[in-house]
Structures are given as C-alpha cells and as structure tokens.
Amino acid sequence: MSPQRRYASRSGGGKRRSGPRRSAEDTSQGPVVQEVARPPGGPVHVPDTIAVSELASRLGLSGIEVIKQLMRNGVMASLTQVVDFDTAALVARDFNFQPVRKAVAEKPHDLHAVHEQAQLESMEETATLVPRPPVVTILGHVDHGKTTLLDAIRKTKVAEGEAGGITQHIGAYQVMERGRPITFLDTPGHAAFTAMRARGARGADIAVLVVAADDGIMPQTIEAMDHARAAGVPIIVAINKVDKPEADVNRVKTQLTEHSLVLEEFGGQVIGVPLSAKTGQGISDLLDNILVVAEVAELKANPNRPALGVIVEAHVDRHRGPVASILVQNGTLHVGDTIVAGEAWGRIKALYDDAGRRVREAPPSMPVEALGLSTLPQAGDSVVAFADDKEAREFVQKRQRERELRPAYVARAPILEELAQQAGAAQMRELPLIIKTDVQGSIEPVKNAVERLSTPDTRVRVLHAAAGSINESDILLAVASHALVVGFNVQPQQGARSMAAAEGVEIRVYSIIYNLVDEIEAALKGMLTPASKEVVDGHAEVRAVFTLGKRGKVAGCYVTDGKIVRNGQARLKRGGKVIAEGPVESLKRFKDDAREVTTGLECGITIAGANDYAVGDIIEAFRMQQVPR
C-alpha cells in the first residue's frame, strides 16, 4: 500500500469501488461479464504519463482493480509501470470518472523517477494545502560573490539569533525575513543545481543570479542564466559589489537586456537588486523580493502526508555512519519514519536542523541532517517516506530491478537518428540543442543558422550557446533537458565524453557549418540517414619529444586509456584544441614496430602531417564506424 493511500485511509478518504463490467453485448474486449452499476466518480486530474499505482490512488481504487481493467482493455501492466494519458483516461472513464489532463513540468528520465514525480504531484485533491517557504539557489560567474553573499545572509539573518553564532553546514539553511522562513541551497554553482535536475529532482523554486557590478556579464554568467531558464524557475538578479568605485550598475542592466533578461524598470518581469555582500547593503531588499516572487508563485505543500524530498548532500561520519542532508519538499519527516533515498533505506534515528539542534520533525522546505540510512545515497536522489520497513525494502528491491532493466526503457537524451524517426512520425515538436563553438564570433552565426530551421510544427530551441570545449556542465544540462550537444570546431573534454557515454547523451561535432545545418534540417524533416559516426578508441599523453634529424620528430607517449592502433586515425590536441589530424604513421614499442599499444604502456608515435609535438599534448585515436542507412 502506498504512503498516499495509507494516509487517505487514515483520513477517511479513498473508499474502494468495485470495477465496472462491460455489457453483455460488448464482446470486442474479451469474455462477456455482467455489468455492475456505478455512480459517477467526478473529475480526476491525470498527467501525460502516470504510474499504475498512482492512477489507482487518484481513483481511490486498489491496484488490482486498475490492473484488471487495463487487461480488459488489452494492456498488460504492473503497478510500477507507466501508462500514457489516453490509456489512463480510458480506465478512468470505465470507472465513471471524468479525466482532466494535467501538464507535467519536467519529464523524468527513468521509471522510478516517473513514479516519484507522480507522487510529488499527487497531493490529495481533498487535502488542505498550506504555503511553504521558498527554496532558493545562488548562481553566477566565478568570483562574482556567490559564496560571500550566502555567508552574508547567514551571518546577518541566522547567526545573530544563535549562541556563539555557530551554524552547521548541511548544504542548505533557513533564514527568517519579516517572520517568514526562506531556505537557501548552500551549494552555489549551476553544476550542483543542474545535477539535481539531471537526477529527476527539482531542487529550487527561485534562482538568484549574482552579477558583479565591476565585471558585468561574463561567460559563466550566461551559462548560469541558461541553466536557470532551462529549469523554468523565476530569476532574481543580484547586482553585487556596488560598493566598489569602479562599479557600473547601469552597464550591467543594459547587458542583461542584451541577453533577454529584461528588468522591471525597463518594462520586463525580472527583479534586479543592487547590493554589496561585503557591507550588507541591499541584502534585506533581496530577501524581501524573494518573498514577493514566492508569494506570486503560490508555493504550497501538504504537511499532513508522508514526507517526500531530495538529498542535498551525503557523507559518511566516522562515529555516526551515513549522514544525509535532506530537503523536505512535501509532507513532514519524523524521527522514526522509514525512508528510501535512491537505493539506500533505513529508519530515521535522529534529525538535526541547520544550526545543529536536534529536532523531532521537519515540515515542507526545511533542510535537516538525518541519521539511520543503511548506505550512502547520492546528491539529487529522491526521498520517500514509508510506514514500515517491509514496504520500504520492497520498494528498494523494485528500484534495483528497474535499474537492471533500465537500458531497455530509460528515457535518456535522444540521438539525432531517433529524432529523425520521431519527426517522420510527427511525434517531435521541439529540438533542444546545446551549442559550443571554438570562438565567440561563431556563436551567433551557428545559433541563427539552426534557429532558422524552425517550422510551424517543429521548433529548434537553443538552451545554451557558448565558446569553449564541451565540458561536464554541458552534459549535465543535456541530461536534465533531454538535449543534443553540438560542437563546432571543438572537441569534448575527456570527463565530458565519459559522462556523455554513461548518461546516453549524444555529442555531434562539426567543422563545416553547412554539414551541421544539413543534418539538423534532415532530422527535423525525418529524413536523416548518416553513413557513419565517430568512435574514440583511446588517448595517449605526450611525455617526451625526440628529434630524428631530417625525418622529423617522434612523440614519446603514455597510453592513458583505450588503445592506439598503427595506421588508425588520430588527432593531436593541445589545450583542448585540435592542431593536427591524420593517420598514425608509425607506432613503436622501444625499437620494435607495434600494431597496437594499450592502456598503461609507453610508445613512440608519429602522426602524418604533424611535426609540432609538445610535452602535455594529447593524442586521441578514433575511427569512423559505419552506420546502416
């Protein structure tokens, strides 16, 4: 029995109804059964996708009844399986309910995330929702004052009310402004913010974008801005360092407008607050505006249901064992509750607030440190409270089975060939892209070229465009937004390539803009038939350079991963940029020729057309793999 259903039964709701039976004249859907009269059940909200168990909960029926009705309609499904709106609506009508479509904000990318999101969105229609504190994250460029601002808010609004001013760091904390609490995620940086979304959890309600008044908009500012937009959260701009003599607030406001972030004073919807994290000027104004945005958003939760939340941080304490920082998003977490976080579970032994005080419970939007989990969860894992250990253990076992089967049905970021098939079948409405180019001047031409491909039926949406190599932050954003990563005259960093392979994100790299545009256009038209794709075989680091007279130079290398094959294709990279490309002309182990050299071995390499090797260069071996048309 799910936590919601158990709560409904405790509160007197959720009466069971017997399932409908098809009339004796209807023989199209299986054996003839006797029809049972059923009173109208009224409207029920159904999202685009919903777990069978959640559908049963919303209809006030047992899971078995819903599964039987699905079978009568020709659909074989288990309690944890997800069905689409049309299927769910058919079942709802069978039980005399009126299905009402409810939009889902973000599509989670695996089965248990779908189940948990359904739980997060399924606050009982009859329950009384109450306002909850907003959850705020701080984003911005390096050295623009994100951490200083967080520290200033903590010191002025928290420490003044504590003995000794000691605040425990648990990855999040609450402050009081005008008698109302505000929760801050103390993990500044869009990478942490996007990592939560990539794991199916929406960690924040409001993003505060910090821009230094002396520096203005910087590349990482634009990146953070794009991450916040992709998350769909309201943005408040904190113009920091106004106390500096060289500060130019008006210049920052103009730059924000140029990047489509129009402040209220210019007729837009974005709030801008000049402040100084160093002196404390403007911090109260920032907090007041956060409360205003939260009030407009009407953030609410039901504190009387089993807790749902997200892991902010987790670590192993030598004396206390696994310690998890939990942000409660809905319901109330109590000492003694059994929770599941990712694939970890356990009974809560103790809860501590952000000041290190021991508490008995945590209401919505409150961050707490929890003891009692069996193993260490990961940041971003969803937290679900259960009534007993048996139910929690069964849920973990289901999740583990789903993880083993996940490659068969995980909703990862699509590859271009799949998008072409979707376009051909008229299933695709939007193509999200992340674009990285070699120089700043290439951003706008590439961006404009792909955006012009949009049609009335299909839109190209550029989530983020910047200069530089493809990094892990780009891959995280692609995972969270189900986007394609496109590189123009750039290569992915090794860490980004590994993460992309693990998360199922496709990276497309082009050196000719017409090829880039042609493939995207073909995908939008459903006609893409690429003949080959690049496969990276390995990397070698240049650790010495030897001169062989007129014969040129040889790179003395150490193979860091994969393998290097003689006559195979390779590129010489320096500082992330490709400076030469061609076949491996010679490959030697000591004085002997070698056909291939694998990880952990040293070798001498020459690449055709390359004679400018330097210590620290990376040689990347690759091949073009044929793909059936």
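Visitor: Which residues is Thr338 in contact with, leaving aside its neighbours within four places in sequence?
Guide: This is a predicted model. In it, Thr338 is in contact with Trp345, Gly346, Arg347, Val384, Ala385, Phe386, Asp388, Asp389 and Ala392. Thr338 itself sits in strand S16, residues 338-341.

Visitor: Why does Thr338 count as buried?
Guide: Buried means under 20% relative accessible area. Thr338 has 0% relative accessibility, so it counts as buried.

Visitor: What makes the pairing of the Thr338 and Asp389 side chains a polar contact?
Guide: The cut-off for a pair of N or O atoms is within 3.5 Å. The two side chains make their polar contact at 2.7 Å.

Visitor: Why is H8 called roughly parallel to H14?
Guide: Helix H8 (residues 219-231) and helix H14 (residues 472-481) pack at an angle of about 15°. Angles under 35 degrees count as roughly parallel, so H8 is roughly parallel to H14. Their axes are 11 Å apart, and the crossing is left-handed.

Visitor: Which residues meet there?
Guide: From H8, Glu223, His227 and Ala230. From H14, Ser473, Asp474, Leu477 and Ser481. By class, that contact has 2 nonpolar, 3 polar and 2 charged residues.

Visitor: How do you know that H14 is largely enclosed by the rest of the structure?
Guide: 9 of the 10 residues of H14 are buried, so the helix is largely enclosed. Among the buried ones are Ile475, Leu476 and Val479.

Visitor: What caps the N-terminal end of H14?
Guide: Asn471 does. One of its side-chain oxygens lies 3.1 Å from the backbone nitrogen of Ser473.

Visitor: What follows H14?
Guide: His482, with a positive phi near 55°.

Note on methods: Residues are numbered from 1 along each chain as its sequence is written. This is a predicted model: local features need pLDDT of at least 70, side-chain atom pairs count only at pLDDT 80 or more; totals for chains, interfaces and linings use all residues. Side-chain values use heavy atoms; hydrogens and water are left out. Axes are lines fitted to C-alpha atoms, for helices over the stretch in contact, and angles run from 0 to 180 degrees between N-to-C directions. Helices (H or I, at least four residues) and strands (E, at least two) are DSSP runs, numbered from the N terminus. Angles under 35 degrees count as roughly parallel, over 145 as roughly antiparallel, 65 to 115 as roughly perpendicular and the rest as oblique. A crossing is left-handed if the near helix is turned anticlockwise from the far one by less than a right angle, and right-handed if clockwise. Contact means heavy atoms within 4.5 Å. Ala, Val, Leu, Ile, Met, Phe, Trp, Tyr, Cys and Pro count as nonpolar, Asp, Glu, Lys and Arg as charged, and the others, Gly among them, as polar. Buried means under 20% relative accessible area, exposed over 50%, partly exposed in between (1.4 Å probe, protein chains only). A polar contact is a pair of N or O atoms within 3.5 Å; within protein, one must be able to donate a hydrogen and the other to accept it, and residues adjacent in sequence count only if both atoms are side-chain atoms.
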